[in-house]
Amino acid sequence: MGRGRSAPFRCVEYRESVVDPLEQRAVAAVRAGDASAYDYLVSKYLRRTLSIVWGIVRNGQDAEDLAQEAFMKAYERMDRFREGEPFGPWIYRIATNLALDLVRHRARVLHQPPSDDLPAARLQEADLPARSNEIAQRIDAALESLPTQQGLVARLHLVEELEHSEIATITGLSEGTVRSHLSLARKKLRESLRDLWPEEKSDE
Amino acid sequence: MNDETGFPESIREEARKLQYQGGVAMEARIRAGVAAGIVQPNVFDLLARWFVPVAAAAAAVLLASTLTLYSAADQAVDPGSEAGMMVMAEEVFGVE
């Protein structure tokens with residue numbers, strides 16, 4: 001695959017919803033059979049993919065394995081990727097689905113039926129990001145206490161700073177449903193983080 | 001200041017700190033793993049991939065034909081059967 005060759009693509013910061021011309025070139029090159037061009041896409045989206053996956057599986061080793069698997073799966077399915085669209089939400093969706101599958105598998109192995117109402121208590125085993133402080137950890141705990149779908153949507157919005165349209169693509173939900181989940185999540189988070197939540201003049 | 005979904009900036013700012021960063025070593029491992037996993041096959045790999053199912057199919061056909069022939073030959077003339085005795089009598093004694 002010519003790994004010794006220097007890749008003709010360099011990472012440039014682009015808002016992910018805006019299509020990056022270098023990304024389009026890389027996608028076209030990969031589809032044309034130049035596997036070395038795929039490294040540009042991996043480099044660009046690896047960090048956030050890892051972070052999103054970690055937010056679901058809460059374990060560094062699993063996150064690493066799943067991120068790698070997601071990129072390999074995306075490469076195999078490159079012919080299904082719609083050219084002209086940003087690669088980010090697509091790879092995040094693949095990674096999110098893999099991570100959710102692992103969580104469901106864990107639940108089955110532990111004989112705990114997966115439930116949207118009863119999120120698994122996974123805080124003890126989580127290796128939290130080094131930058132997080134006590135407040136961030138409280139937010140993390142509050143996000144973990146939300147029902148699975150709501151927690152995922154809220155985490156993608158708050159932690160990963162993704163737009164509603166991107167969250168909709170990743171989760172397979174409509175933008176309206178994403179907004180509705182966020183609204184419900186906000187109410188619950190405000191309740192559990194009451195002392196951290198600033199005073200609001202009009203909330204409803 | 002709240003965003004359009006009503007989350008205050010102070011909460012969003014703290015939440016951003018929860019972004020997971022695997023570190024340079026982890027990222028390098030993943031990139032290397034992906035690169036190794038998507039190595040394009042060379043000519044020999046492609047030939048091997050093509051040859052293995054063809055060889056398996058050919059072996060299955062050969063085995064099936066051998067068994068069929070063997071079974072047919074076995075059933076053709078059984079000297080102990082009535083038909084076999086008739087054939088033998090016809091050949092040895094010219095009985096019709």
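In this predicted model, A:Asp101 is partly exposed, with a relative accessible area of 42%. Its salt-bridge partner is A:Arg104, at 3.0 Å from N to O. A:Arg104 is also partly exposed, at 37%. Elsewhere, salt bridges with shared partners join A:Arg58, A:Asp140, A:Glu144 and A:Arg155 into one network.

A:Arg58 has a further feature. Its phi is near 60°, a positive value in a residue other than glycine. The residue sits in the loop between helix 2 and helix 3 of chain A. With a relative accessibility of 0%, A:Arg58 is buried. A:Glu161 likewise has a positive phi, near 55°. This residue belongs to the loop between helix 6 and helix 7 (164–171) of chain A. A:Glu161 is partly exposed, with a relative accessible area of 32%.

Over all chains, the salt bridges number 21. One of them pairs A:Lys44 with A:Glu23, with the closest N and O atoms 2.9 Å apart. A:Lys44 lies in helix 2 of chain A and A:Glu23 in helix 1 (residues 21–31), so the bridge ties together parts 21 residues apart in sequence. Both ends fall under the 20% limit for buried residues. A:Lys44 has 16% relative accessibility, and A:Glu23 has 2%.

Other salt bridges cross between the chains. Chain A and chain B share 4 salt bridges. In one, A:Asp39 meets B:Arg31 at 2.5 Å, N to O. A:Asp39 is in helix 2 of chain A and B:Arg31 in helix 2 (residues 24–37) of chain B, so this pair joins two chains. A:Asp39 is partly exposed at 26%, and B:Arg31 is partly exposed at 34%. Another bridge links B:Arg29 to A:Glu64, with the closest N and O atoms 2.7 Å apart. Polar contacts between chain A and chain B amount to 9 residue pairs, both residues being at pLDDT 80 or more.

The contact takes 48 residues from chain A and 31 residues from chain B. The area buried between the chains is about 3700 Å². Carbon and sulfur atoms give 65% of that area.

Aromatic rings also pair, with 10 such pairs over all chains. The rings of A:Phe81 and A:Trp90 have centres 5.0 Å apart and planes at 45°, so this pair is tilted. Both residues are buried. A:Trp197 and B:Phe7 form another tilted pair, 6.3 Å centre to centre with 55° between the planes. A:Trp197 lies in the segment after helix 8 (175–192) of chain A and B:Phe7 in the segment before helix 1 (9–16) of chain B, so the pair joins two chains. A:Trp197 is buried at 7% relative accessibility, and B:Phe7 is buried at 0%. Within chain A, ring pairs link a cluster made up of A:Tyr38, A:Tyr45, A:Phe71, A:Tyr75, A:Phe81, A:Phe87, A:Trp90 and A:Tyr92.

Terms used: Residues numbered from 1 in each chain as written. Chains lettered and ligands numbered in written order. Predicted model: local features only at pLDDT ≥ 70, side-chain atom pairs only at ≥ 80, totals over all residues. Heavy atoms only, no water. Phe/Tyr/Trp six-rings, centres within 6.5 Å; stacked < 30°, edge-to-face > 60°. Buried < 20%, exposed > 50% of the residue type's maximum accessible area, 1.4 Å probe, protein only. Helix = DSSP H or I, 4+ residues; strand = E, 2+ residues; numbered from the N terminus. Contact = heavy atoms within 4.5 Å. Buried area = accessible area lost by both parts, 1.4 Å probe. Salt bridge = Lys/Arg side-chain N within 4 Å of Asp/Glu carboxyl O. Polar contact = N/O pair within 3.5 Å; in protein donor to acceptor, adjacent residues only side chain to side chain.
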